[in-house]
Amino acid sequence: IAALVASFGEEPANESYAKKQPTAFPASLAVLLSVGAITTIYLFSLKPAILANELLMAESTAQSSLTNALPIYKKAYQRGGPLSDEILAGLLRVGTEKANSRESIQNNSVELKEIYNLSKELEKYRPKDVYTWLTLGQFATMLGTIDPSYFNEAEMYFKKALEFSPARQQIYYS
């Protein structure tokens, strides 16, 4: 891009080419191009790499301690960016896996409720994704074993999943 902009200057005549100095590149344009390049690299390469690294760290931490993993997920999600939905989907998946028994739900109830509430934001990123609606419904059903009010939310999620996939028998079963 810089070479293209620099080529817009006057082209010297062939005889006097060796005697003339090349046209100076404007410093303001160089600064503008540098800032643009750095911003592009940050937004499209560095930021997604940081988010992906935090997501991997959070998922590996979640295997041993949900309490320690939750702040990592939250920090990554608060950064924003192109992986926001992936962070929430990973959080929902981990929450659903950890809520596999009544004992596990009771031991981690505070974290699981927080994960569930944060995972509900996935609706704005994936409004027509049947898997998201179905997983939210299953997670709410699991939480319903300690607080029956979650069963109403689970039913709402299953009905929403049914709108987008009316032939899926798993939804009817759930």
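Me: Is Asp85 buried or exposed?
Reply: Keep in mind that this is a predicted model. Asp85 is found in helix 4, which covers residues 84-98. The cut-off for buried is under 20% relative accessible area. Asp85 has a relative accessible area of 18%, so the word for Asp85 is buried.

Me: Which side chain makes a polar contact with the side chain of Asp85?
Reply: Start with what Asp85 touches. Leaving aside neighbours within four places in sequence, Asp85 is in contact with Leu122, Tyr125 and Arg126. The polar contact, at 3.3 Å, is between the side chain of Asp85 and that of Arg126.

Me: OK, now rings. What kind of aromatic pair do Tyr116 and Phe139 form?
Reply: The structure holds five aromatic pairs. In the pair of Tyr116 and Phe139, the rings sit 5.7 Å centre to centre, with 80° between the planes. Planes over 60 degrees apart count as edge-to-face, so with 80° this pair is edge-to-face.

Me: How many residues apart are Tyr116 and Phe139?
Reply: Tyr116 is in helix 6 (residues 109-119), while Phe139 is in helix 8 (residues 130-143). Tyr116 is buried at 0% relative accessible area, and Phe139 is buried at 0% too. Their pair links distant parts of the chain, and the separation is 23 residues.

Me: And what kind of pair do Trp133 and Tyr157 form?
Reply: Their rings are 5.8 Å centre to centre, with 35° between the planes. Under 30 degrees would count as stacked and over 60 as edge-to-face.

Me: Where is Tyr157?
Reply: Trp133, the partner of Tyr157, is in helix 8, 24 residues away. Trp133 counts as buried at 5% relative accessibility, and Tyr157 is buried at 1%. Tyr157 lies in helix 9 (residues 149-164).

Me: How many of the 14 residues of helix 8 are buried?
Reply: The buried residues of helix 8 include Trp133, Leu136 and Phe139. What covers the buried residues includes helix 4, helix 6 and helix 9. Helix 8 is largely enclosed by the rest of the structure, because its count of buried residues is ten.

Me: Last one: how far apart are the end C-alpha atoms of helix 8?
Reply: At 1.5 Å a residue, the 14 residues of helix 8 should span 20 Å. The model agrees with that, because the end C-alpha atoms are apart by 20 Å.

Conventions:
Residues are numbered from 1 along each chain as its sequence is written. This is a predicted model: local features need pLDDT of at least 70, side-chain atom pairs count only at pLDDT 80 or more; totals for chains, interfaces and linings use all residues. Side-chain values use heavy atoms; hydrogens and water are left out. Rings of Phe, Tyr and Trp (its six-membered ring) pair if their centres lie within 6.5 Å; planes under 30 degrees apart count as stacked, over 60 as edge-to-face and the rest as tilted. Helices (H or I, at least four residues) and strands (E, at least two) are DSSP runs, numbered from the N terminus. Buried means under 20% relative accessible area, exposed over 50%, partly exposed in between (1.4 Å probe, protein chains only). A polar contact is a pair of N or O atoms within 3.5 Å; within protein, one must be able to donate a hydrogen and the other to accept it, and residues adjacent in sequence count only if both atoms are side-chain atoms. Contact means heavy atoms within 4.5 Å. The expected span of a helix is 1.5 Å times one less than its number of residues.
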